[in-house]
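Visitor: I have just opened this one and would like a walk through it. Could we take it topic by topic?

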Amino acid sequence: MSQLDAQWFAEVSDMWPGRALAINCRKKLVDCQTPYQHIELYETTDCGKMLVLDDVIQFTEDDEFAYQEMLAHLPLFSHPDPRNILVIGGGDGGVLREVARHDSVEHIDLCEIDAKVVEVCRQYVPSMACGFDDPRVAVTIGDGFQFIRDHRNCYDVIIVDSSDPIGPGEKLFGDEFYALMKEAIKPDGIIATQGESFFMHWQVVRDLMQVVRRHYRYSTYCYMMVPTYPGGTLGVCLGSQQRDVTVPCRRPSPELQAQLRYYTPEIHRAAQILPAFGERVVYEGGGGYNRNASGN
Ligand code: SPD
């Protein structure tokens, strides 16, 4: 089959100009417009199902485990006894699936803005949507910003599994949202948020980490490898008022570790080791890897 067949989905975005990531697709299963976004779900030739929102890949089944495991287990293993958890976004259920692996967890709220994302993933992607089947999960379809505003001092961990800061995810990257999350967690609670890529969107990462540092005494930035995101990496921002989030305070049991494909206590530490330009972006508000990066 020619590499130029029209079945290729190419992710082209202003967030990574002049580049495209292409995935070969066998069939389009869903194509619909909701009040929030354009939803497409593909069956790919080699990467399982693939969810695309507003032309941006959200996951492929082949490598989604890397992102969901790190976004969930980095904060949960930084907490000695996580019981009450909130997931903002995450309508595919993948983060829920990972949070539910922790026996200490008693309750998981999930607030997703777009009911159609949940419906599509429940119908076509049970490998991730199985997270919704856990009896500890309570789903709210609504605005995560409003949900956070209505909750005070009640979560051990808040996880923000958002799309990029264009479209419905935009306000989840701002100063006001991070201030509200600080009120919604317990004093010793932890937040973990989708932290983009210091290679592809260094300005977003630079600004985001300045916001995290402004609101949380302890913070760090971790990244993981995900081949089907542009640039091949994505980050997680961690923050807490009372807990050191740079080291895990618990280890997975041997049984749990055997179920995981990415997270280990060792990678929890190693994921924070950044290349020189990444250190400057994340911790010094500096420019990206391009020699001419001016900080704008
Ligand atoms: N550039 C796309 C980043 C998408 C992050 N969220 C993905 C949701 C998977 N649960």
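This is a predicted model: local features need pLDDT of at least 70, side-chain atom pairs count only at pLDDT 80 or more; totals for chains, interfaces and linings use all residues.

Visitor: Which residues belong to domain 1 and domain 2?

Guide: The domain assignment places residues 3–60 in domain 1 and residues 64–284 in domain 2, and the centres of the two, taken over C-alpha atoms, are separated by 23 Å.

Visitor: How many residues of domain 1 are in contact with domain 2?

Guide: There are 24 residues of domain 1 in contact with 24 residues of domain 2, and 6 residue pairs between the domains are in polar contact. Together the domains bury about 2100 Å² between them, with 71% of it on carbon and sulfur atoms. Met15, Tyr36 and Phe59 supply 31% of the area that domain 1 buries against domain 2, which is more than any other three residues.

Visitor: Moving on, which residues of the largest nonpolar core touch the most other members?

Guide: They are Ile85, Val99, Ile108, Ile159 and Met224, in a core of 39 residues. Several elements give two or more residues to this core, including β6 (84–89), β7 (107–112) and β9 (155–161), while α1 gives the most, with 8 residues.

Visitor: And what does Ile85 touch?

Guide: Leaving aside residues up to four places away in sequence, Ile85 touches a set that includes Leu76, Val99, Val105, Ile108, Val157 and Ile159. There is also a second, separate core of 32 residues, and among its members are Phe173, Val211, Tyr216 and Phe277.

Visitor: Back to charges, then: how many salt bridges does the structure hold?

Guide: The structure holds 18 salt bridges. In one of them, the side chains of Arg83 and Asp81 meet at 2.7 Å, N to O. Arg83 is partly exposed at 37% relative accessibility, and Asp81 is partly exposed too, at 30%.

Visitor: Which parts does the pair of Arg122 and Asp133 tie together?

Guide: The closest N and O atoms of Arg122 and Asp133 are 3.8 Å apart. Arg122 lies in helix α3 and Asp133 in the loop between α4 and β8, so the pair ties together parts that are 11 residues apart in sequence.

Visitor: Is Asp133 buried or exposed?

Guide: Asp133 counts as exposed, because its relative accessibility is 56%, whereas Arg122 is partly exposed at 43%.

Visitor: Which residues are linked in a network of salt bridges?

Guide: That network links Glu64, Arg97, Glu98 and Arg101.

Note on methods: Residues are numbered from 1 along each chain as its sequence is written. Side-chain values use heavy atoms; hydrogens and water are left out. A nonpolar core is a set of buried Ala, Val, Leu, Ile, Met, Phe, Trp, Tyr and Cys residues joined through side-chain atoms within 4.5 Å. Buried means under 20% relative accessible area, exposed over 50%, partly exposed in between (1.4 Å probe, protein chains only). Helices (H or I, at least four residues) and strands (E, at least two) are DSSP runs, numbered from the N terminus. Contact means heavy atoms within 4.5 Å. Domain bounds come from an automatic or database domain assignment. Buried area is the accessible area (1.4 Å probe) that two parts lose on being put together, summed over both. A polar contact is a pair of N or O atoms within 3.5 Å; within protein, one must be able to donate a hydrogen and the other to accept it, and residues adjacent in sequence count only if both atoms are side-chain atoms. A salt bridge is a side-chain nitrogen of Lys or Arg within 4 Å of a carboxyl oxygen of Asp or Glu.
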